[in-house]
Amino acid sequence: MVAETVKHFHERSISNPDSFWSEQAQLIHWEKPFEQVLDYSKPPFARWFVGGKTNLCYNAIDRHLKDRPDQNALIYISTETGAEKNYTFRELHAEVNRFAAVLKSLGVGKGDRVIIYMPMIPEAAFAMYACARIGAIHSVVFGGFASQSLATRIDDAKPKVLVTADAGMRSGKSVPYKHLVDEACSLAQMPPKNVLIINRGLDAGMPITAGRDVDYATARNAVGEVQVPVEWLESSDPSYILYTSGTTGKPKGVQRDTGGYAVALAASMKHIYCGNAGEAMFTTSDIGWVVGHSYIVYAPLLAGMATILYEGLPIRPDAGIWWKIVEQHKVSVMFSSPTAVRVLKKQDPKYLSQYNLKSLRYLFLAGEPLDEPTAKWISDSLGVPVVDNYWQTETGWPILSAMLGVENTPRKYGSPSFPVYGFNVALFDESTGLEVEADQKGVLGIVPPLPPGCLSTVWGDDARFVSTYFSLLKDRKVYSSFDWGIRDHDGYYFILGRTDDVINVAGHRLGTREIEEAISGHANIAEVAVVGIEDKLKGQVPVAFAVPKNASLLVDAAAHRAFEKEVMDTVDKSLGAIARPARVYFVTLLPKTRSGKLLRRSIQALAEGRDPGDLTTLDDATSLQQIRAALEQHLR
Ligand code: ATP
Ligand code: MG
């Protein structure tokens with residue numbers, strides 16, 4: 001048989017979704033077969049695999065008990081506590097059953113919400129699988145969020161139980177969780193009935209609220225070795241709620257279904273990530289983010305792979321730790337983010353060549369624009385192909401990517417390649433509502449129905465789902481990604497930045513991403529953020545905040561000015577003088593969210609002398625002080 005091209009594969013998914021997706025649906029177990037592939041009678045709401053009954057936990061774990069009970073399913077490595085523990089499918093099954101029994105004993109059942117506010121420990125994953133098993137809806141809140149953010153999510157999700165730990169660990173220091181939970185519960189209008197605590201023994205002074213708090217170890221012993229039957233769910237029953245990062249404002253509760261998500265993930269493991277049963281996948285995200293949900297917790301197991309749950313930093317004990325893990329566990333598929341790679345880029349490159357990476361087929365990166373220099377640097381240093389994928393919390397899996405399981409298409413640096421099967425992607429001119437030609441910038445939209453796995457609605461707010469995501473065009477319902485993109489003549493897409501990150505310089509629309517990419521081309525720049533600030537003459541001008549690789553060269557004001565000019569020249573050369581930043585400031589750290597996304601909005605606010613806004617997700621507060629200091633120094 002002649003292999004199918006990606007182009008044909010995609011076309012088939014759009015022109016005949018019923019046959020395409022019923023074929024993909026065979027990758028998972030259906031307790032009751034579906035009667036209809038897609039119900040799109042209430043656009044833009046799509047229901048996939050109507051009438052079918054399935055279960056995510058069953059597909060991830062139970063299904064493998066027959067063929068691979070003694071293969072690893074979950075490999076836990078903590079460089080924070082030194083703990084390492086492997087769970088086979090059989091052992092994982094036993095733990096998840098016990099966790100499910102504990103949740104049931106607290107009155108949790110189908111449709112109830114459970115908030116999981118946890119560090120990266122195995123029990124966090126057990127809790128997620130256990131919820132899926134009994135049909136409860138989990139909502140994992142990233143452990144770095146402060147109590148106010150947690151309280152907001154509690155009030156939106158109204159959980160029956162909140163699962164937490166006494167503490168997490170970061171960079172060798174314990175980070176208490178439980179007292180933040182207590183604070184959140186007192187701030188919330190609708191606090192949970194019970195708080196289930198995994199006590200790691202890291203916080204001796206942990207307060208306990210009698211009657212509400214439950215110790216997991218005690219409850220686990222009480223239920224014993226127990227089997228909890230799988231709750232077979234309707235395909236469109238919700239599996240979880242996940243709040244978006246909130247980079248652009250109030251977080252939205254992305255609601256995911258069950259069957260569509262399972263099929264989308266299973267298919268992505270085959271066509272995009274090329275992972276095979278019996279191998280190991282290492283995703284360096286956190287279970288609090290969508291990448292963690294999809295590619296730490298669910299997808300690898302759906303494919304019969306072992307997943308690696310890593311608690312720790314990429315540079316501790318040294319910058320070789322990830323590659324050591326790859327060697328040790330013969331990882332074949334790895335998934336990380338450009339931000340993490342940029343962190344490694346600042347370290348000694350020797351760490352990248354100390355380990356045997358023969359098992360590693362691909363390194364996938366997503367979450368932020370992947371600039372050409374970073375992509376080239378990591379793929380050359382590792383000798384492993386790098387694949388950029390573009391997606392969102394809302395979609396749950398890639399919108400744009402190479403699909404190497406279908407066809408080995410060449411990659412272009414800076415581009416996440418093509419629209420993925422199921423996603424009818426187009427670039428739109430916001431003012432005319434028309435699709436733009438090749439080489440023209442436009443807002444990346446998805447013509448609905450959204451494929452399986454994407455959000456089915458905003459939790460508890462159907463109207464917000466429609467008004468937020470489907471108001472790109474006046475007379476036609478098209479999903480907006482709120483990102484700008486461009487497609488070249490070969491059909492490759494490039495993401496230029498978020499719609500509100502586009503700068504209007506004297507009538508020219510420039511993506512901050514384009515300018516950042518140009519600046520990253522300078523050999524002594526590790527990282528950069530560009531924002532547009534108000535200018536009386538030109539409307540807006542770009543201003544750059546750059547992190548030099550070697551700051552020791554910037555000895556005095558003259559060296560600063562010379563380097564600034566070099567950076568400006570780099571932009572002139574690649575984009576033209578129109579894109580040249582009005583100023584280039586040098587800092588050692590950029591403000592980012594805990595998920596590694598640049599807080600351009602806050603930088604811009606500071607540069608325009610405004611309040612930087614909601615900073616609850618800010619990773620390191622000194623980064624903003626540096627921006628302030630850099631700006632002040634200039635004014636003096
Ligand atoms: P919020 O929607 O609450 O503001 P967020 O958009 O930061 O939060 P996510 O859903 O985690 O939260 O991030 C998705 C966004 O990340 C995309 O819309 C895009 O802007 C960016 N992104 C993700 N992957 C890529 C990529 N490969 N290239 C460029 N940008 C990317
Ligand atoms: Mg978003």
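1. A residue counts as buried when its relative accessible area is under 20%. In this predicted model, Lys-178 has a relative accessibility of 0% and is therefore buried. Lys-178 is found in helix H7. Leaving aside residues up to four places away in sequence, Lys-178 touches Thr-164, Ala-165, Asp-166, Val-195, Ile-197, Met-206, Pro-207, Ile-208, Arg-212 and Asp-213. Its C-alpha atom is separated by 37 Å from that of Ser-467, a residue 289 places away along the chain.

2. Helix H7 (residues 178–187) also meets helix H6 (residues 147–157): their axes come within 8 Å and cross at roughly 50 degrees. The crossing of H6 past H7 is right-handed.

3. On the H6 side, the contact is made by Ser-147, Gln-148, Leu-150, Ala-151 and Ile-154. H7 contributes Leu-180, Val-181, Glu-183, Ala-184 and Leu-187. By class, the residues of the contact of H6 with H7 comprise seven nonpolar, two polar and one charged.

4. An open sheet of seven strands, with mixed pairing, runs in the order S5-S4-S17-S16-S18-S19-S20. Strands S5 (84–88) and S20 (386–389) each have a single partner strand, so these two edge strands are left without a neighbour on one side. From one strand to the next, the twist averages 20 degrees.

5. At one end of that order, strand S4 (residues 72–78) pairs with S5 in the antiparallel sense, over five bridges. Within these strands, Ile-75 stands opposite Asn-86 in S5. Helix H5 (residues 122–134) packs on the sheet and touches S4, S5 and strand S17 (306–311). The direction of H5 makes about 145 degrees with that of S4.

6. Leu-27 lies in a loop, between helix H2 (17–24) and strand S1 (36–42). Apart from residues up to four places away in sequence, Leu-27 touches Arg-63, Ala-266, Ala-267 and Lys-270. Leu-27 and Gln-540 are 513 residues apart in sequence, and their C-alpha atoms are 51 Å apart in space.

Terms used: Residues numbered from 1 in each chain as written. Chains lettered and ligands numbered in written order. Predicted model: local features only at pLDDT ≥ 70, side-chain atom pairs only at ≥ 80, totals over all residues. Heavy atoms only, no water. Pairing = 2+ DSSP bridges. Helix = DSSP H or I, 4+ residues; strand = E, 2+ residues; numbered from the N terminus. Axes fitted to C-alpha atoms, helices over the stretch in contact; angles between N-to-C directions. Contact = heavy atoms within 4.5 Å. Left-handed = near helix turned anticlockwise from the far one by under 90°. Nonpolar A, V, L, I, M, F, W, Y, C, P; charged D, E, K, R; others polar. Buried < 20%, exposed > 50% of the residue type's maximum accessible area, 1.4 Å probe, protein only.
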